[in-house]
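Here is a short tour for anyone who likes to have the coordinates open while reading.

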Amino acid sequence: MPGGAVVTTTFNPERVEAPVTIKAYLLCVFASFGGIFFGYDSGYMNGVLGMNYFISLHTGLPIPGANATAAETAAFALQAWQKSLITSVLSAGTFFGAIIAGDLADYFGRRITIISGCIVFTVGCILQVASSTGLGLIVAGRLISGFGVGFISAIIILYMSEVAPRKVRGAIVSGYQFCVTIGLLLASCVCYATENRSDSGSYRIPIAVQFLWALVLGTGLAFLPESPRWYVKKGRVDAATRSLSRIRGQPGDSIYIQEELAEILANNEYEQEMIPTTNYFNSWLACFTGGLRNPGSNLRRTILGTSLQMMQQWTGVNFIFYFGTTFFQSLGSISNPFLMSLITTLVNVCSTPLSFWTIERFGRRPLLIWGALGMLICEFICAIIGVTKGSDPSAVKAQISLICIYIFFFASTWGPGAWVSIGEIFPLPIRSRGVALSTASNWLWNCIITVITPYMVSTDEGNLGSRVFFVWGSTCILCFFYAYFLVWETKGLTLEQVDRMMEEVRNPIKSAGWKPHSTFAAGMGLDMTGKTPSEKVHPGENPHIGAGPHALQEEVALDVNPAAANQV
């Protein structure tokens with residue numbers, strides 16, 4: 001085998017992963033801390049854009065007094081282009097950061113790329129804290145911070161998917177989304193505490209708190225092991241053994257470690273033969289090979305990952321988290337918009353842990369399908385109430401309730417579900433770039449939505465008000481049909497088994513019925529000591545030599561399970 005290691009092979013598809021230990025849980029739980037970057041950096045600007053001092057600083061208008069007229073109060077706000085620029089520039093940075101992170105993660109490793117993201121993020125925070133009058137520094141700082149968040153948000157998902165045990169991978173990766181909601185909540189709490197300050201501390205304190213997240217994640221990751229699948233991709237099998245041993249809490253010569261490593265090695269060799277990448281450009285082009293008609297092709301997987309993240313943004317939830325404070329102010333009958341924004345964020349936090357159980361109990365597909373249905377119902381009813389009853393206090397209370405229910409559906413389904421799925425659907429040779437492209441898609445659509453939303457709802461522009469929920473409800477209809485027809489069920493499978501399932505099952509609707517029936521180690525012709533036929537005999541003594549992996553794979557699969565052909 002590559003790297004000089006000898007591994008033990010299993011022909012049992014149920015023995016391709018070591019038992020789960022508390023150490024594996026804790027390692028992944030800490031890695032999910034990276035979600036706080038995403039959540040906090042996305043959420044604190046929601047509060048800052050509504051702060052009197054910040055508005056006065058960047059508009060030059062005096063803060064309205066207690067006796068101010070309604071017209072003066074309405075005029076005291078940032079212009080739509082200012083809100084759009086400040087909010088969307090972060091997403092622009094994360095888009096490019098996520099794409100760059102795919103290359104860095106393949107070259108330097110998953111862990112080093114995340115640590116680098118923490119450093120870049122810190123530089124951006126310094127510029128934001130140093131900003132005063134004018135938008136130059138704060139925009140530049142958010143752009144640079146965006147690059148760091150792009151590194152972290154793309155590769156944390158990749159790292160967690162590659163080290164998490166298969167039976168709890170969905171729950172653990174959902175922890176990333178939970179940390180996103182924690183970050184949003186912390187941002188709301190900090191902004192709520194500083195909103196009434198009459199100095200630059202009102203916005204500088206929320207920005208400066210972010211230094212803590214970078215310090216904790218960057219320092220902690222320095223002590224965690226690298227992904228064993230990255231070591232395998234680099235041909236460093238001995239290092240992969242040590243890494244897997246640390247992650248699974250088993251000695252390196254344990255039969256469990258050897259069998260899991262054999263499956264990872266065999267899958268990598270199989271994929272390298274199927275997806276040869278001879279140079280840098282081919283490694284990117286490999287993401288778009290295979291054709292549209294093949295449901296398991298790299299092209300279809302890349303489209304699935306990028307479109308799934310696009311659909312998550314199309315649910316419209318970030319309208320509440322980015323512009324909730326200013327939207328609640330526009331309703332007129334809410335005395336404390338900051339408190340309402342805090343409540344909706346709290347609902348988001350409390351709802352997400354439900355997905356830890358449901359995503360492993362019911363699977364990925366049901367969560368996304370029923371989540372989209374619940375969201376579209378809430379959004380259409382909210383829009384109808386807003387159009388028919390306007391600013392009636394009772395109607396506003398009903399809208400707030402529906403918005404909270406809508407957030408519940410998102411937080412327990414599409415919030416974690418989209419991130420879990422993109423970490424599972426790509427084969428190892430293109431996994432880092434596939435996840436990077438998918439994450440970049442999330443941030444691209446995040447950017448587009450944050451650019452256009454202020455123009456849609458601002459009183460000096462589109463002035464849609466509550467009618468904006470007709471838009472989000474319509475996009476959730478698309479999310480419903482998308483989840484039903486295009487999303488695969490990957491619950492309970494290793495990443496290598498997901499790869500096999502997507503090759504064999506031609507229809508995502510039928511994917512939940514697929515069961516693993518052989519191993520890649522068996523398919524590549526490895527014997528029980530991890531040796532290939534070419535390592536055991538001389539050429540000419542084995543009729544399979546030169547026949548390629550498919551002949552071996554088909555014969556062994558039939559030997560292990562004659563009914564395998566009927567699995568599709």
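Beyond its neighbours up to four places away in sequence, phenylalanine 319 touches Gly324, Phe327, Thr453, Val457, Val468, Phe469 and Trp472. Please keep in mind that this is a predicted model.

Phe319 is among the residues with the most contacts inside the largest nonpolar core, along with Phe54, Trp414 and Phe469. That core has 130 residues. Helix 20, residues 393-422, gives the largest share of this core, with 14 residues. Apart from this core lies another one, of 11 residues, including Ala240, Leu244, Ile257 and Leu261.

## The chain as a whole

Stepping back, the protein chain has 26 helices and 0 strands. Of its 568 residues, 60% are buried. The chain exposes about 20900 Å², and carbon and sulfur atoms supply 65% of that area.

Now look at helix 7, residues 136-163, where serine 153 is found. Is serine 153 buried or exposed? Its relative accessibility is 1%, so serine 153 counts as buried, the cut-off being under 20%. The side chain of serine 153 reaches the backbone oxygen of glycine 150 at 3.5 Å. Leaving out residues up to four places away in sequence, serine 153 also touches Phe38, Tyr176, Trp419, Thr439 and Trp443.

Helix 7 turns up again around helix 9, as part of what covers the buried residues there. Helix 9 spans residues 201-208, and its buried residues are Gly201, Ser202, Tyr203, Pro206 and Ile207. Their cover also includes helix 2 (35-48), helix 3 (52-59), helix 6 (110-130), helix 8 (169-194) and helix 10 (210-221).

## Buried salt bridges

There are 13 salt bridges in the structure. The side chains of aspartate 106 and arginine 110 meet in a salt bridge with an N to O distance of 3.2 Å, and both residues are buried. Aspartate 106 also meets the side chain of arginine 433 in a salt bridge, here at 2.6 Å, N to O. This second pair links distant parts of the chain, with arginine 433 in helix 21 (residues 428-457) and aspartate 106 in helix 5 (residues 80-107), 327 residues apart. Arginine 433 has a relative accessible area of 6% and is buried, while aspartate 106, at 8% relative accessibility, counts as buried too.

Another salt bridge joins glutamate 496 and arginine 229, whose closest N and O atoms are 3.0 Å apart. Why does this pair tie together separate parts of the sequence? Glutamate 496 lies in helix 23 (residues 495-504) and arginine 229 in helix 11 (residues 228-233), so the pair connects parts that are 267 residues apart in sequence. Glutamate 496 and arginine 229 are both buried. Elsewhere, salt bridges that share partners join Asp103, Asp106, Arg110, Glu162, Lys233, Arg431 and Arg433 into one network.

## A loop glycine and a nonpolar surface patch

Which loop holds glycine 492? This glycine is found between helix 22 and helix 23. Glycine 492 has a relative accessibility of 27%, so glycine 492 counts as partly exposed. Its C-alpha atom is separated by 9.8 Å from that of lysine 515, 23 residues apart along the chain. Leaving aside neighbours within four places in sequence, glycine 492 is in contact with Arg166, Glu360 and Gln497.

Helix 22, residues 468-486, also contains phenylalanine 481. In soluble globular proteins, nonpolar side chains tend to be buried together. Is phenylalanine 481 buried or partly exposed? Phenylalanine 481 is partly exposed, because its relative accessible area of 45% falls between the 20% and 50% cut-offs.

Definitions and conventions:
Residues are numbered from 1 along each chain as its sequence is written. This is a predicted model: local features need pLDDT of at least 70, side-chain atom pairs count only at pLDDT 80 or more; totals for chains, interfaces and linings use all residues. Side-chain values use heavy atoms; hydrogens and water are left out. A nonpolar core is a set of buried Ala, Val, Leu, Ile, Met, Phe, Trp, Tyr and Cys residues joined through side-chain atoms within 4.5 Å. Buried means under 20% relative accessible area, exposed over 50%, partly exposed in between (1.4 Å probe, protein chains only). Helices (H or I, at least four residues) and strands (E, at least two) are DSSP runs, numbered from the N terminus. Contact means heavy atoms within 4.5 Å. A polar contact is a pair of N or O atoms within 3.5 Å; within protein, one must be able to donate a hydrogen and the other to accept it, and residues adjacent in sequence count only if both atoms are side-chain atoms. Accessible areas come from the Shrake-Rupley method with a 1.4 Å probe; for residues, only the protein chains shown count as cover. A salt bridge is a side-chain nitrogen of Lys or Arg within 4 Å of a carboxyl oxygen of Asp or Glu.
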